Amino acid sequence: MRAVADALRAAGRIALVSHRDPDPDTIGSALALGLALEGMGKRVSWHCADPVPDAIRFLASADQFRQAAPPADVDLIVCLDFGEAARAKFALPSGPKIADIDHHATNTAFGDANFVDVTSAATGEMVGRLIDALGVAWTPDMATAALVAIMTDTGSFQFPNTDARALERAAMLRAAGADLQAITYNVFRNKRFEALKLWGFAFSRLVREAGGLLVWTWIEDADLAHAEASEEDLSGLVEQIARSKGMRVALLFSGVTGDVKVSCRTSAATPSVDAAALMAQFGGGGHVRAAGALIPSAAGPGDRLVIRERVLAAAREALDRARQPA
């Protein structure tokens with residue numbers, strides 16, 4: 001953290017980069033840190049190859065995100081919540097130094113300075129520590145952005161990664177003026193009608209295997225058109241699938257962009273499967289309980305079915321291994 005803090009202090013013009021298919025942790029972390037840096041007199045720009053999700057556009061400065069890559073003349077690029085440069089989707093310029101702030105176990109330490117803590121519940125929690133180290137006073141806008149990051153990556157403090165640090169940081173952010181009601185309404189209680197229709201297609205296809213240990217479903221290309229929905233409306237769906245009683249591995253397959261996107265959630269209950277290890281077999285990564293992969297599909301719909309079966313076979317094998325006596 002000290003190395004990243006020193007890099008931030010030394011830079012005058014800083015570009016903050018969030019990962020492709022952004023979630024609230026990568027966006028909220030970037031906004032909280034960026035607003036803090038502006039408070040230090042830094043020139044800040046925000047970058048994400050894909051649009052900010054509708055549910056978190058209420059955050060202060062969320063409209064400042066650009067979908068273009070950072071310019072080459074910035075002093076420092078800060079990547080938030082991702083462990084390899086390719087997750088930016090666009091190419092990062094080769095000139096500026098890179099600082100990486102992340103909590104994924106699959107992080108490759110690709111930055112010139114790397115603040116990586118795989119024990120942290122959220123990058124937003126780490127950014128909270130960094131802002132404190134920089135000596136910046138918290139504003140309500142900064143606190144709201146950091147809190148939405150922590151709340152979403154802990155599943156509203158329901159996931160096993162919820163530890164004392166996450167809860168203590170959340171309390172500090174509330175004391176600093178974080179708008180809990182805005183987060184609750186926009187993120188957790190205000191789902192688009194089109195998204196609910198889209199989710200219905202996935203729920204209608206739910207498959208349960210191995211006595212309920214493996215639960216999976218898929219979204220077809222035509223579903224989005226029928227629901228008048230967007231790919232963004234898939235956000236949060238896999239968590240609902242993972243609510244199935246007795247679930248140990250939950251998988252959502254969506255091929256709406258040509259390639260196959262796999263979202264995976266696992267349970268800490270026995271037999272337990274490492275989601276990140278499972279997705280790593282297909283070029284993906286993430287956390288022990290939440291991970292994903294984007295698998296190239298060049299041969300059309302038939303190839304997607306082959307890919308789906310490969311992933312399902314790997315999940316079945318992982319469950320079989322987990323059920324073996326120690």
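These questions and answers cover the sheet and helix packing of a predicted model.

Local features here need pLDDT of at least 70, side-chain atom pairs count only at pLDDT 80 or more, and totals for chains, interfaces and linings use all residues. Residues are numbered from 1 along each chain as its sequence is written, and side-chain values use heavy atoms, with hydrogens and water left out.

Q: In what order do the 6 strands form the open sheet?
A: Strands are DSSP runs of E, at least two residues, and helices are runs of H or I, at least four, numbered from the N terminus. Two strands pair if DSSP finds at least two bridges between them. The pairing is parallel, and the order is β3-β2-β1-β4-β5-β6.

Q: Which strands stand at the edges?
A: An edge strand here has a single partner strand, so one side of it is left without a neighbour in the sheet. That applies to β3 (65-66) and β6 (113-116).

Q: Which residue of β2 is the bridge partner of V17?
A: Strand β1 (residues 13-18) runs parallel to strand β2 (residues 43-47), with 5 bridges joining them. The partner of V17 in β2 is H47.

Q: Which residue of β6 does A99 stand opposite?
A: β5 and β6 run parallel, joined by 4 bridges. On the β4 side, β5 pairs in the parallel sense over 5 bridges, and I77 stands opposite I98. In β6, A99 faces A113.

Q: How many of the residues of β5 are buried?
A: Buried means under 20% relative accessible area, exposed over 50%, and partly exposed in between (1.4 Å probe, protein chains only). β5 is mostly covered, and the count is 5 of 6.

Q: At what angle does α1 run to β6?
A: Axes are lines fitted to C-alpha atoms, for helices over the stretch in contact; angles run from 0 to 180 degrees between N-to-C directions. Helix α1 (residues 2-10) lies across β1, β4 (76-80), β5 (97-102) and β6. Its angle to β6 is about 130 degrees.

Q: Is α3 parallel or oblique to α5?
A: Helix α3 (residues 123-134) and helix α5 (residues 164-175) pack at about 60 degrees, with axes 10 Å apart. Angles under 35 degrees count as roughly parallel, over 145 as roughly antiparallel, 65 to 115 as roughly perpendicular, and the rest as oblique. That angle makes α3 oblique to α5.

Q: Which residues of α5 make the contact with α3?
A: Contact means heavy atoms within 4.5 Å. From α3 come E125, G128, R129 and D132. From α5 come R165, A166, R169 and M172.
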